[in-house]
Amino acid sequence: MARVDAALAIDQPVRVIPALIASERAMPNNYNASLRLAQVESDVKHYDDAVAACDRGLAHVTGPIGRTWLLQTKAEALIGKGDRAAPRHVLEEVLRAAREIGTPQSRDSNIKSVSRMIG
């Protein structure tokens with residue numbers, strides 16, 4: 001996360017992609033490594049790579065918060081890519097995952113955020 005924050009602070013997120021790819025390879029069962037990579041790939045408009053990283057993370061996610069983050073990142077990448085149909089389906093999945101979050105504040109915050117994206 002620190003690498004991502006630092007790269008974003010200097011407006012050069014592409015610089016951390018190789019390190020994030022290495023982290024994901026080193027921790028293939030850690031959804032968080034895939035999430036961080038997907039977020040940066042999406043930031044630099046590498047939408048197909050972002051979607052692929054989300055899918056890899058979803059294969060290893062352990063709870064509703066992580067699932068929500070990955071699905072929301074995937075939906076944002078699909079929107080950025082110009083896909084009209086897939087984001088709606090993914091956002092519906094995000095809402096289902098967000099409703100499973102046990103902490104009311106986190107659950108409600110995520111549901112509001114996704115509801116705004118759906119429109």
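These legends describe close-up views of a predicted model.

**View 1. Helix H5 packs against helix H6.** H5 meets H6, which spans residues 86-99. The two axes lie 9 Å apart. The packing angle is about 165°. Angles over 145 degrees count as roughly antiparallel, so H5 is roughly antiparallel to H6. The crossing of this pair is left-handed.

**View 2. Side by side: the residues that join H5 and H6.** From H5, the contact draws on Pro64, Arg67, Thr68, Leu71, Gln72, Lys74, Ala75, Leu78 and Ile79. H6 supplies Ala86, Pro87, Val90, Leu91, Glu93, Val94, Ala97 and Ala98. Sorted by class, the contact of H5 with H6 has twelve nonpolar residues. Two polar and three charged residues complete the count.

**View 3. Helix H5 also comes up against helix H7.** H5 covers residues 64-81, and H7 covers residues 104-118. Their axes come within 12 Å. They cross at roughly 15°. Angles under 35 degrees count as roughly parallel, so H5 is roughly parallel to H7. The crossing of H5 and H7 is left-handed.

**View 4. The residues that join H5 and H7.** On the H5 side, the contact is made by Thr68, Trp69, Gln72, Glu76 and Ile79. On the H7 side, Asn110, Ser113, Val114 and Met117 take part. The contact of H5 with H7 divides into four nonpolar, four polar and one charged residue.

**View 5. Helix H2 has a buried side and an exposed face.** H2 runs over residues 17-26. Its buried residues are Ile17, Leu20, Ser23 and Glu24. These residues cover an arc of only 120° around the axis, so they sit on the same side of H2. Pro18, Arg25 and Ala26 are exposed. These three lie on the face of H2 turned away from the buried side.

**View 6. Glu100 in the loop between H6 and H7.** Is Glu100 buried or exposed? Its relative accessibility is 57%. Exposed means over 50%, so Glu100 counts as exposed. Gly63 is 37 residues away from Glu100 along the chain. The C-alpha atoms of Glu100 and Gly63 are separated by 8.7 Å.

Notes
Residues numbered from 1 in each chain as written. Predicted model: local features only at pLDDT ≥ 70, side-chain atom pairs only at ≥ 80, totals over all residues. Heavy atoms only, no water. Axes fitted to C-alpha atoms, helices over the stretch in contact; angles between N-to-C directions. Helix = DSSP H or I, 4+ residues; strand = E, 2+ residues; numbered from the N terminus. Parallel < 35°, antiparallel > 145°, perpendicular 65-115°, else oblique. Left-handed = near helix turned anticlockwise from the far one by under 90°. Contact = heavy atoms within 4.5 Å. Nonpolar A, V, L, I, M, F, W, Y, C, P; charged D, E, K, R; others polar. Buried < 20%, exposed > 50% of the residue type's maximum accessible area, 1.4 Å probe, protein only. Arc of directions from axis to C-beta.
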